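Let us walk through this structure step by step. Keep the model open beside the text.

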Amino acid sequence: MGLLPAIEIETGDAPDSAVIWLHGLGADGNDFAPIIPELHLPEVLRTRFIFPHAPQIPVTVNGGFVMPAWYDIVEMQIDRKIDVDQLLVSAAAIAAFIDREIERGIASRRIILAGFSQGGAVAYQVALSYNQPLGGLLAMSTYCATAESLTMSEANRNMPIEIHHGTYDPVVPEKLGRAALKFLKERGYRPQYKDYPMEHNVCPQQIKDISLWLQGVLAV
């Protein structure tokens, strides 16, 4: 099976790091590509940003309408009911991108997963279960959908984890972001958590914080 279609943007020649960034429900890889110039990353960071496009599937909570989605959402209660099997298929598809970057010569410790909303749920699954040490996980406005079934890899026990959430998020309530924080801390991880006075989106201060975090974890 081939890789999902994706947008690739390199910030310098011969990249030695990669960021695989997953969009939310109904969007596609174009959603976060414009953020790269706003990060104002130093030239020394030669990073390949990869923005995969989720497959087009029917989404139950949206009346069965076909749209880009990493998995189906069946019900939207606070803990939400989702198609876990479909999420795991998407997780495998994203793990394939990590494998490909390693084949391209990028060390696994210099590969970062980032995900927004639905994409963040997939990123949690992939990053916490991947069998080689990764550079970090950035989880934005999201939740750990597979917390009850996730088999965690010891390889990423000390992986840097940054969690961001809007305090006024009406789509993925902040309660779910803090639940993921608690889940990780109880299992010995050391995630960092930042909240912002926003809804289900990204704000300028957050973009600055993302830039600083990326520079920190990718510092040579």
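Two residues are in contact when their heavy atoms come within 4.5 Å. The model is a predicted one.

Val-217 sits in helix H5, which spans residues 204-218. It touches Ile-112, Gly-135 and Pro-160, leaving aside residues up to four places away in sequence. Arg-110 lies 107 residues from Val-217 in sequence, yet the two C-alpha atoms are 8.2 Å apart in space.

The largest nonpolar core has 44 residues. Those with the most contacts inside it are Ile-20, Tyr-71, Ile-94, Leu-113, Val-122, Tyr-124 and Leu-128. Several elements supply at least two residues each. The strands are S2 (17-22), S8 (111-116), S9 (136-140) and S10 (161-166). The helices are H2 (84-103), H3 (118-129) and H4 (174-186). Which element gives the most to this core? Helix H3 does, with seven residues.

Tyr-71 shows how such a residue is surrounded. Not counting residues up to four places away in sequence, Tyr-71 touches Ile-57, Ile-82, Asp-83, Gln-86, Leu-87, Gln-118, Ala-121, Val-122 and Tyr-143. A second core is separate and holds 21 residues. Ile-7, Leu-39, Phe-49 and Trp-213 are among them.

Strand S4 (residues 56-59) and strand S5 (residues 65-68) run antiparallel. Four bridges join them. Val-59 has Phe-65 in S5 as its bridge partner. Five residues lie between the two strands of this hairpin. In it, Gly-63 takes a positive phi near 70 degrees.

On the surface, Val-61, Met-76 and Val-171 form a nonpolar patch. Together they have about 210 Å² of accessible area. Val-171 belongs to the loop between S10 and H4. Its relative accessible area is 35%, which makes Val-171 partly exposed.

Charged pairs come next. Side chains of opposite charge can pair when their charged atoms come close. How many salt bridges does a search of the whole structure find? The search finds 15. In one of them, the side chains of Glu-101 and Arg-48 meet at 2.6 Å, N to O. Glu-101 lies in helix H2 and Arg-48 in strand S3 (residues 47-52), so this pair ties together parts that are 53 residues apart in sequence. Both Glu-101 and Arg-48 are buried. Glu-101 also forms a salt bridge with Arg-100, at 3.0 Å, N to O. Arg-100 is buried, as is Glu-101.

The side chains of Arg-178 and Glu-174 meet in a salt bridge of 3.1 Å, N to O. Why are they separated by about one helical turn? They are four residues apart in helix H4. Arg-178 is partly exposed, at 36% relative accessibility. Glu-174 is buried, with a relative accessible area of 15%.

Some salt bridges share partners. They join Glu-8, Glu-10, Arg-48, Arg-100, Glu-101 and Arg-104 into one network.

Definitions and conventions:
Residues are numbered from 1 along each chain as its sequence is written. This is a predicted model: local features need pLDDT of at least 70, side-chain atom pairs count only at pLDDT 80 or more; totals for chains, interfaces and linings use all residues. Side-chain values use heavy atoms; hydrogens and water are left out. Two strands pair if DSSP finds at least two bridges between them. A nonpolar core is a set of buried Ala, Val, Leu, Ile, Met, Phe, Trp, Tyr and Cys residues joined through side-chain atoms within 4.5 Å. Buried means under 20% relative accessible area, exposed over 50%, partly exposed in between (1.4 Å probe, protein chains only). Patches are made of residues with over 30% relative accessible area and no salt bridge: like charges are joined within 9 Å, nonpolar side chains (Val, Leu, Ile, Met, Phe, Trp, Tyr) within 5 Å. Accessible areas come from the Shrake-Rupley method with a 1.4 Å probe; for residues, only the protein chains shown count as cover. A salt bridge is a side-chain nitrogen of Lys or Arg within 4 Å of a carboxyl oxygen of Asp or Glu.
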